[in-house]
Amino acid sequence: MENNILKFTMNALQEQCSEKLLKLNDESINYGLVLTQKDINDIMKNTNETLKKIGRIETSADALEKVISIVYSSPYTDKENYVENINDMQELFYYFKSQVLDLLSDDEVIEILDKAYDEKCGEILQIQGVVEEYTKEFKLGGNFRI
């Protein structure tokens, strides 16, 4: 029963996301970046795998839209790494949210990721390092600043 509910939720999310992500092309085309339906299917597959691996459920496409906006609006993204960077940043988003026990809002996490993406020139491993530092400071109760 639980598996059926999860499958229904993920299918509904995929349908909702497909339409919203295609509409993002209206903005991303200004940066020379466009998602095809295949790209969107790949992103949604990665989303499902990431959520399952981390043990989360997502009920809207809002965070994914914001992650995509970070990626397409950066001068450090090009056609060759667009979808891969979306998938990597999305994974970092959900990992980050889980590590801070959802005590930071989606927008706060997005703000940190946005700054890190530009400061680290879109280098995912370096952005991951920033996320690790933030989560470490957060867990230790240190000087955690957004």
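Student: What should I know about the model before reading any values?

Tutor: This is a predicted model: local features need pLDDT of at least 70, side-chain atom pairs count only at pLDDT 80 or more, and totals for chains, interfaces and linings use all residues. Residues are numbered from 1 along each chain as its sequence is written, and side-chain values use heavy atoms, with hydrogens and water left out.

Student: How many residues does helix H6 have, and what span does it reach?

Tutor: Helices are DSSP runs of H or I with at least four residues, numbered from the N terminus. The expected span is 1.5 Å times one less than the number of residues. H6 covers residues 124–140, 17 residues in total. From first C-alpha to last, H6 reaches 24 Å, close to the 24 Å expected. Just after H6, glycine 141 takes a positive phi of about 75°.

Student: Which residues of H6 are buried?

Tutor: In H6, Ile124, Ile127, Val130, Val131 and Thr135 are buried. Seen down the axis of H6, these buried residues fall within an arc of 130°, so they line one face of the helix. The arc is taken over the directions from the helix axis to the C-beta atoms.

Student: Why do residues three or four places apart point the same way in an α-helix?

Tutor: An α-helix has 3.6 residues a turn, so such residues point the same way. In H6, the face turned away from the buried side carries the exposed residues Leu125 and Leu140.

Student: What covers the buried residues of H6?

Tutor: Contact means heavy atoms within 4.5 Å. The cover includes helix H4 (82–99) and helix H5 (106–119).

Student: How many aromatic pairs does the structure hold?

Tutor: Rings of Phe, Tyr and Trp (its six-membered ring) pair if their centres lie within 6.5 Å; planes under 30 degrees apart are stacked, over 60 edge-to-face, and the rest tilted. The structure holds three aromatic pairs. In one, the rings of tyrosine 31 and tyrosine 72 have centres 5.4 Å apart and planes at 45°, so the pair is tilted. Tyrosine 31 is in the loop between helix H1 (2–28) and helix H2 (37–54), and tyrosine 72 is in helix H3 (residues 62–72), 41 residues apart. Tyrosine 31 is partly exposed at 45%, whereas tyrosine 72 is buried at 4%.

Student: Where do phenylalanine 96 and tyrosine 134 lie?

Tutor: The rings of phenylalanine 96 and tyrosine 134 have centres 6.3 Å apart and planes at 45°, so this pair is tilted. Phenylalanine 96 lies in H4 and tyrosine 134 in H6, 38 residues apart. Phenylalanine 96 is buried at 0%; tyrosine 134 is partly exposed at 22%.

Student: How many salt bridges are there?

Tutor: A salt bridge is a side-chain nitrogen of Lys or Arg within 4 Å of a carboxyl oxygen of Asp or Glu. The structure holds eight. Among them, lysine 20 meets aspartate 62 at 3.6 Å, N to O. Lysine 20 lies in H1 and aspartate 62 in H3, so the pair ties together parts 42 residues apart in sequence.

Student: Which helix holds both aspartate 42 and lysine 38?

Tutor: Both lie in H2, four residues apart, about one turn of the helix.

Student: Which residues are linked in a network of salt bridges?

Tutor: Arg56, Lys97, Asp102 and Asp106. Lysine 97 and aspartate 106 meet at 2.9 Å, N to O. Lysine 97 is buried at 5%, whereas aspartate 106 is partly exposed at 28%.

Conventions: Helix = DSSP H or I, 4+ residues; strand = E, 2+ residues; numbered from the N terminus. Buried < 20%, exposed > 50% of the residue type's maximum accessible area, 1.4 Å probe, protein only.
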